[in-house]
Amino acid sequence: GDLPAKEVRRIIGPDKLLGVSASNLEEAVCAVQDGADYLGVGAMFATGTKTDANLTSMEELHRIRQTVQVPIVVIGGVNRATIPLFAGSGIDGVAVVSAIVASSDIPAAAKELKELFLQGKYIA
C-alpha cells in the first residue's frame with residue numbers, strides 16, 4: 001500500500017511534487033489537506049493495470065473538481081475512446097498506460113492521445 005500523503009510530504013519535503021490518487025471527494029479533500037500538489041482521480045474506467053480499483057463516476061469527478069484547487073489528472077482506463085468524454089470537465093490532464101504501451105506504434109499512439117486531449121477544451 002501507499003504511505004499516507006502526510007507522511008510522504010514529511011519525507012520528501014516541501015520542494016517536491018506530490019501526487020495522490022483519489023477515487024472520491026473525501027479522499028481528494030484529505031489528500032490536499034495532507035499536502036498533495038495534484039490528484040490522480042479514478043480509476044475512471046476498468047483498467048488492466050489495477051483490476052481491483054473502485055471506479056469513480058463522472059459526477060464524483062465534477063464534485064472533486066468543484067471542491068479542490070489543485071490540478072486533476074484522470075487515471076484508469078483512459079484511451080482514445082474515453083478521452084473525449086472529459087471535454088469541459090475542468091481536468092488538467094490524463095494518464096495513460098495500456099493505450100500507449102499496448103500499441104504496435106508507441107510514438108504514434110502517444111501523439112494521437114495528446115492531440116485528442118489538446119482538442120478537447122478540458123479546462124473549464
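Guide: What follows is a short tour of the chain, its pockets and a few of its residues.

Guide: This is a predicted model, in which local features need pLDDT of at least 70 and side-chain atom pairs count only at pLDDT 80 or more, while totals for chains, interfaces and linings use all residues. Residues are numbered from 1 along each chain as its sequence is written, and side-chain values use heavy atoms, with hydrogens and water left out.

Visitor: OK, how many helices and strands are in the chain?

Guide: The chain has 5 helices and 4 strands, where helices (H or I, at least four residues) and strands (E, at least two) are DSSP runs numbered from the N terminus. Read from the N terminus on, the elements follow the order α-β-α-β-α-β-β-α-α.

Visitor: And what is the radius of gyration of the chain?

Guide: It is 15 Å, close to the 14 Å that the globule rule gives for 124 residues, so the chain is as compact as a globular protein of that length. The radius is taken over C-alpha atoms, and the globule rule is 2.2 Å times the number of residues to the power 0.38. Along the principal axes, the C-alpha atoms of the chain fill a box of roughly 40 × 30 × 30 Å.

Visitor: What share of the residues counts as buried?

Guide: Of the 124 residues, 36% count as buried, and the cut-offs are under 20% relative accessible area for buried, over 50% for exposed and in between for partly exposed (1.4 Å probe, protein chains only). As for contacts, meaning heavy atoms within 4.5 Å, 54% of those between residues at least 6 apart in sequence join residues at least 24 apart.

Visitor: Switching to pockets, what volume does the largest pocket have?

Guide: The largest pocket has a volume of about 460 Å³. Of the 24 residues that line it, G42, A43, K50, I75 and G76 are the closest to its centre. On a 1 Å grid over the protein atoms alone, a pocket is an open set of points where a 1.4 Å probe fits, with protein on both sides within 12 Å along at least five of seven lines, and lining residues have an atom within 4 Å of a point. Grid points are joined across faces, edges and corners, and the volume is the space filled by probe spheres set on the points.

Visitor: How does that lining divide by residue type?

Guide: The lining of the largest pocket divides into 10 nonpolar, 11 polar and 3 charged residues. Here Ala, Val, Leu, Ile, Met, Phe, Trp, Tyr, Cys and Pro count as nonpolar, Asp, Glu, Lys and Arg as charged, and the others, Gly among them, as polar. Both β1 (19–22) and α4 (98–101) supply at least two residues of this lining.

Visitor: Which residues lie nearest the centre of the second largest pocket?

Guide: They are D2, L3, G19, V20 and S21, out of 16 lining residues. Two or more lining residues come from each of α1 (5–12), β1, α2 (25–33) and β2 (38–41). The volume of the second largest pocket is about 300 Å³.

Visitor: Now R65, is that buried or exposed?

Guide: R65 counts as buried, at 18% relative accessibility, and it lies in helix α3 (residues 58–67). The side chain of R65 reaches the backbone oxygen of G90 at 3.4 Å. That is a polar contact, a pair of N or O atoms within 3.5 Å where, within protein, one must be able to donate a hydrogen and the other to accept it, and residues adjacent in sequence count only if both atoms are side-chain atoms. Leaving aside neighbours within four places in sequence, R65 is in contact with residues including S89 and D92.

Visitor: Where is S89, then?

Guide: S89 is in the loop between β3 (72–74) and β4 (93–94), and S89 counts as buried at 5% relative accessibility. A polar atom of the S89 side chain lies 3.5 Å from the backbone nitrogen of I91.

Visitor: Last one, which backbone nitrogen does the side chain of N24 reach?

Guide: The N24 side chain reaches the backbone nitrogen of E26 at 3.1 Å, and a polar atom of that side chain lies 2.8 Å from the backbone nitrogen of E27. N24 itself is in the loop between β1 and α2.
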